[in-house]
Amino acid sequence: MKFLAIAIATGMACLAWLKWLDPEVNFYRAAVLNKQEWAEKLDRQYPSKTVVYGGSSAAFAIDAGRLLRNHRLPVVNMGLHAGMGPEMLTLFALSEVRPGDSLVIALETDHLTAPFLPSSLAAKLSWATGNSQWLEQPWSEHPRPWSSRVMLLRPGGMYVVAMSAKFLAGAPLYRYSKDDLHEGGWMTTSDRRSFKGGGPGSSPLSADAKTFLAWLRDRCAQAGVKVAYLPPRSYTDPDHHDAARHRQLRLLEEISRWVPVLKDPELGLSTVREDYADTPNHLTESAARAYSDQLAGWIKNWDVWEPEELRALLKSPSSTATAVTAPPPRSL
Amino acid sequence: MNFADFRFWQLCFYGLGTILVLKLLFSKAGPAFDKSLLLLLGLFLLYVASPESCLVFILISIGSYLGIRWLVHREKQHQKRYLFLLIPLQLLPLVYYKYGYFLSHDVLGLPLLQPLVDFGDPSTDGWASSLKNLIIPAGISFYTFQKIAFVLDTLAFKKPVPTFLDYFNFSGFFPQVIAGPIERRHDLLPQIEQFRFRWSAPAIDEGATWIVLGLFFKLVLADNFAIAFDGVAQLANSHLNVYHVWAANLLFGLRIYYDFAGYSLIALGLARCLGIRLTLNFASPYCATSCTEFWRRWHITLSQWFRDYLYIPSGGGRVRWWAFNIFTVFILSGIWHGAGWNFVLWGALHGLFLVVNRLWGKRLALPAVAGWFITMTVCFLAWLCFYEMDTTRLWQKLALIFTPGEYRWSALTEAVTLWDATDLAFSLCFVGLAGVVLCLEWWSIRWKKEPYALLWNRSLLVILTVILSPGINNGFIYFAF
């Protein structure tokens with residue numbers, strides 16, 4: 001049957017494109033290597049380190065090089081792309097965690113309030129880097145079959161249209177480049193765009209997220225790894241800040257029943273528009289440096305919210321912790 | 001049985017491989033052996049898809065078979081009376097699972113009812129949520145109607161009751177049990193009775209063509225329209241711009257057509273590979289130049305079911321109250337699709353269009369292009385009632401559509417500005433692709449006198465399917481019905 005052979009040949013061509021030519025996959029392959037090299041360097045030089053991971057909000061927020069130079073804190077920024085999904089992001093981070101390390105989960109809150117869906121980008125990056133184990137689901141009783149992972153490697157109509165449009169317009173085929181990657185896994189961008197602020201979703205933790213957090217907590221405990229959650233710092237419209245803060249408190253209180261939550265007094269919400277680059281989740285370089293300086297204190301002290309503290313804040317929103325502290329001066 | 005899921009084809013392949021081995025081992029076995037294997041394969045695939053649905057299907061099929069056997073042995077003058085008992089009993093599971101909450105809560109305003117059987121996940125809210133969360137067994141709307149038609153045809157044409165094995169295979173023939181086509185006794189049963197597993201290269205070749213076309217419709221067109229629709233539907237909900245509403249109607253209408261037609265074509269192809277011919281359920285409905293023609297091309301087997309078992313017995317178009325007959329049939333058709341007032345409205349709108357078509361269609365004698373444009377406008381307008389489940393938003397959007405002032409130029413520029421550029425380009429590209437496909441469908445009918453004939457280029461369809469189908473699978477939309 002000729003058409004079956006054509007189907008297979010077309011599929012192989014798509015796989016070859018993904019492996020060698022896809023600009024987004026190429027960028028994240030370079031990002032993966034960048035982070036792995038930094039992690040290996042820290043493993044050689046320090047008895048333990050802190051691994052922070054999540055989507056791009058983590059990738060843009062944490063200057064690990066600065067944390068090492070200025071605070072003598074070995075941190076590796078394993079943040080990648082939120083679209084890869086919590087499963088792959090976690091397994092990628094865990095691949096560099098050793099006994100005695102600390103793990104900071106900086107997953108975007110949307111990941112934890114919705115069912116875990118398969119990610120095409122995760123499948124593509126796993127294929128391109130030869131890491132199929134990143135697609136496994138050790139916490140799930142019904143992991144997805146291998147065939148569904150293969151199906152995720154299809155380019156898709158949206159991809160073809162977007163690539164074609166960029167090619168015809170002479171625009172870069174991917175927004176970021178290897179020049180945006182820095183030591184320690186930190187990402188930056190000179191791109192500035194207009195955007196609207198959002199806030200955390202109002203849903204509670206999804207069933208998938210609860211299973212996942214329980215598994216992660218137990219796995220870290222067995223491996224002698226300290227674990228905590230840190231809500232990524234994202235931009236919220238000032239008009240919606242109070243409502244967003246209340247929703248965030250509810251979510252963090254629920255998360256704290258599974259894993260500790262690091263004590264960011266701003267609860268991962270910011271109303272300073274100038275701190276953000278091209279999306280409401282990507283800090284600018286100066287804002288990332290300031291945030292990294294704050295993060296150093298939270299990690300060193302391992303200061304976490306007590307669940308009772310969060311519940312008390314929920315009941316009285318006008319407590320002192322709600323005051324938006326003046327951001328520390330930007331330093332180079 | 002999700003034909004878009006690779007796992008279905010894996011299981012089907014393993015199942016047929018097992019059957020091949022068994023056939024080789026028991027080569028002298030009679031037809032009953034083949035039919036038993038066919039039944040086991042179908043039940044296995046249904047069980048893997050949903051164990052609960054499989055159990056419900058088996059129980060309903062046994063009950064229906066015993067019912068029809070009992071009925072044919074009654075005296076002829078009593079058969080009609082008992083028929084009015086058997087048919088409601090056959091409808092009872094469908095009404096319970098699909099309409100229990102709607103009827104009790106929305107229509108009758110009754111106190112909350114405890115479900116008798118519940119595969120759902122009872123919430124802390126109590127009985128009402130349990131009834132609301134009942135999982136509808138897959139395919140129940142389709143095979144219930146198929147069984148009812150079987151009973152009526154058996155009595156009307158004085159046909160013998162088939163063997164249990166043949167009846168089960170007729171009821172649960174796996175390519176069509178979940179989402180049709182709704183087959184008639186005189187079309188499918190003779191083929192089932194003669195069924196043997198045979199290798200026929202021409203049949204497999206023809207079947208493969210339908211399967212490839214069906215997968216192209218589903219994976220390339222329907223699934224990408226699903227993505228496009230989700231984006232613009234959110235815009236329509238947040239900004240209430242009439243152009244967004246029409247765009248959502250267009251994208252949904254294209255999605256549901258290619259989704260359902262895709263499923264039907266795959267079912268046709270699978271059956272053809274097994275040597276069985278199913279009824280073509282769609283014949284390029286978006287090429288219709290009148291509402292009457294549209295309903296002769298859309299979900300053909302359901303339309304024929306309503307025509308033969310409701311419309312014609314109630315007098316059809318030959319009585320004074322023909323308009324009432326049309327309205328009743330289409331409201332029931334709307335209800336068949338879903339338990340909600342929006343579906344009732346959808347059916348009523350189509351009933352109204354058909355009445356108008358009959359009253360003025362011939363008098364106006366519009367050119368085909370004008371007829372096509374009006375037909376598509378009213379059909380895509382009606383899709384709004386199909387997908388918009390929130391009645392408040394539904395009325396808001398209908399009000400928008402029927403307010404001439406909403407079609408101002410500034411609303412159009414605002415609609416374009418608010419739409420993400422990539423999403424807009426994506427939607428336009430796929431609407432363009434659908435336009436090309438629809439043109440080929442139209443020429444297939446005009447030149448080849450056979451629907452979809454000009455789309456039978458398997459190599460091109462396969463390349464487009466591999467490249468353009470989204471990485472994430474969507475289920476078939478008609479599974480919800």
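A pocket, on a 1 Å grid over the protein atoms alone, is an open set of points with protein on both sides within 12 Å along at least five of seven lines, and its lining residues have an atom within 4 Å of a point. The model is predicted, so to speak of local features takes pLDDT of at least 70 and side-chain atom pairs count only at pLDDT 80 or more, while totals for chains, interfaces and linings use all residues. Residues are numbered from 1 along each chain as its sequence is written, chains are lettered from A in the order in which they are written, and side-chain values use heavy atoms, with hydrogens and water left out.

**View 1. The second largest pocket has residues of both chains closest to its middle.** Phe3(A), Leu4(A), Phe6(B), Trp9(B) and Phe13(B) lie nearest the centre, among 47 lining residues. The space amounts to about 2,000 Å³, a volume being what is filled by probe spheres set on points joined across faces, edges and corners.

View 2. At least two lining residues come from each of H1 and H8 of chain A and, in chain B, H1 (6–25), H9 (201–239), H10 (242–273) and H19 (458–468). H1(B) has the largest share, 11 residues. Helices here are DSSP runs (H or I, at least four residues), numbered from the N terminus. The lining has 38 nonpolar, four polar and five charged residues; Ala, Val, Leu, Ile, Met, Phe, Trp, Tyr, Cys and Pro count as nonpolar, Asp, Glu, Lys and Arg as charged, and the others, Gly among them, as polar.

**View 3. Here chain A meets chain B.** Contact (heavy atoms within 4.5 Å) joins 23 residues of chain A to 27 residues of chain B. Together the chains bury about 2,000 Å², 76% of it on carbon and sulfur atoms; this is accessible area (1.4 Å probe) lost on being put together, summed over both. Phe3(A), Arg154(A) and Met158(A) supply 32% of the area buried by chain A, more than any other three residues. Zero salt bridges are counted between the chains, taking a side-chain nitrogen of Lys or Arg within 4 Å of a carboxyl oxygen of Asp or Glu.

View 4. Helix H5 (residues 85–94) of chain A gives the most to the lining, three residues.

Conventions:
Buried area = accessible area lost by both parts, 1.4 Å probe. 1 Å grid on protein atoms, 1.4 Å probe; cavity = no way out; pocket = protein on both sides within 12 Å on 5 of 7 lines; lining within 4 Å.
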